[in-house]
Amino acid sequence: MLLLHRTVVPGLRQAYRLKSAPSRLCIWACSTNDSFQPQRSSHAFSGDNSSTRGWRVMGTLLGLGAVLAYHDHWCRAAQESPRIYTREEVRSHSSPETGIWVTLGSEVFDVTEFVDLHPGGPSKLMLAAGGPLEPFWALYAVHNQSHVREILAQYKIGELSPDDKAASILKTSDPYADDPIRHPALKVNSQRPFNAEPPPELLTENYITPNPIFFTRNHLPVPNLDPDTYRLHVVGPPGGQSLCLSLDDLYQFPKHEITVTLQCAGNRRSEMTRFKEVRGLEWSAGAISTARWAGARLCDVLSQAGHHLSETEAHVCFEGLDSDPTGTAYGASIPLARAMDPEAERRDYKGFSPSVDWDTVDFDSAPSIQELPVQSAITQPKDGETIESGEVTVKGYAWSGGGRAVVRVDVSLDGGLTWQVAELDGEEQRARKAWAWRLWQLQAPVPAGKKELNIVCKAVDDSYNVQPDTVAPIWNLRGVLSNAWHHVHVHVAP
């Protein structure tokens, strides 16, 4: 669905904040779930002859041990007699006035204070108010992670009565049962929803990525589409007429073709995680693919609906067929006349300073990502591979957002001390209209006597933007915009 929204700037709530709940610390730290178990540190004395220092350390440890032992005793006591609730009691807490309770398994949680902090919005969490979370976590499987369970554990208030059997409605059907079969070569980052990337050795074998290994990014189950009944709804301008177009209607528009590279904003997130933990799918360098696209131009469809460029700032909003139980579709937006509409933007896709964490983030303070920075990665040889001495062939891809063309790729075999210019392959690109990647390769002699190579690449676009050398200055809590120099370490056969 295409919507045209005028720019407004509503006050968005902070997307995430840990609740301070010292009275519930015991329940969190001592949960029966293994994922909640506290980490224990091990201490050892060095062989130091100072008995005084040793006794001081031992005294400190004994004191700490007494505190921990008392806390463990307190937790065990609390766990031995948890507050018991019936499902009827839970159902009676389903509004802000009564308090909002939910269950997960046999545990009961009072999430009243967390509802407004829910990153997906209060309405999503309110779907489960007074009932179980399981049917919704089956759909939003990304919730079933340790850090989400740790947040939830802070709000635990008791247990369900063992005599109160679960309602039969909990036996929900699998919302992912109709998902298509995927290519076995794909590296899977999550099964539900399905997210996967091609292995590096296949990614740049072809300029156009084969459909079966095109990277896959989903937030919800794949919708079933009936070509005969499908309709594209286009909302017209104020006072205008909206359109409802079938596939046959769309075929009547002039057909245009264009080669475009798609890249997930979280591509290469795993490299940020190695520097400092972030949250999100652990994409390697394969969350990017290129295809030849054909069909009606967006501008032609909007023109038929009565829309025209003007000085008024607005956004074109896209809503997909994949929707959640409320009927809310997954959506994204692009600017019309370079406008920004916060109502049409996802909170997830914003960049922040390395100093910002989940306790201090303010999602109102940053615009959504509209263009991605210059990017490149090595796809051959693979990290950890053993190569023959003599000559090495290095291959990879390079791309930049905003239609900026890649003008050069530099490759180093010694970690960035010296550089060589790679040869660019693929279609020629027009400045500011370069929508697809450039594949590149370099054939270079292996330096004599080297047992290992630290191969690095960096790309330069036609605005002379260049990739930063390290992750540290671009790290952000969501792990997006990861475009530091790409490193591959290989061994040289004797």
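R408 and D410 pair up in a salt bridge, with their closest N and O atoms 2.9 Å apart (a salt bridge here is a side-chain nitrogen of Lys or Arg within 4 Å of a carboxyl oxygen of Asp or Glu). This is a predicted model, so local features need pLDDT of at least 70 and side-chain atom pairs count only at pLDDT 80 or more, while totals for chains, interfaces and linings use all residues. Residues are numbered from 1 along each chain as its sequence is written, and side-chain values use heavy atoms, leaving out hydrogens and water.

**Salt bridges**

- R408 is partly exposed at 29% relative accessibility, whereas D410 is buried at 5% (buried means under 20% relative accessible area, exposed over 50%, and partly exposed in between, with a 1.4 Å probe and protein chains only).
- Searching the whole structure turns up 14 salt bridges.
- E159 and K156 make one of them, at 2.7 Å from N to O, and both of these residues are buried.
- Shared partners link E107, K156 and E159 into one salt-bridge network.
- D300 bridges to R297, with 3.2 Å between the closest N and O atoms.
- In that pair, D300 counts as buried at 19% relative accessibility, while R297 is partly exposed at 38%.

**Nonpolar cores**

- The largest nonpolar core has 22 residues (a core is a set of buried Ala, Val, Leu, Ile, Met, Phe, Trp, Tyr and Cys residues joined through side-chain atoms within 4.5 Å).
- V394, V409, V411, W440 and I455 have the most contacts inside this core.
- At least two core residues come from each of strand 17 (391-399), strand 18 (406-412), strand 21 (438-445), strand 22 (452-461) and strand 23 (486-492); strands (E, at least two residues) and helices (H or I, at least four) are DSSP runs, numbered from the N terminus.
- Strand 22 is the top contributor to this core, with four residues.
- A second, separate core has 17 residues, and L133, V148, I151 and Y155 are among them.

- Four strands line up as 15-17-21-20 in an open sheet with antiparallel pairing (two strands pair if DSSP finds at least two bridges between them).
- At the edges sit strand 15 (375-380) and strand 20 (423-424), each pairing on one side only.
- Five bridges hold the antiparallel pairing of strand 15 with strand 17.
- Q380 stands opposite K395 in strand 17.
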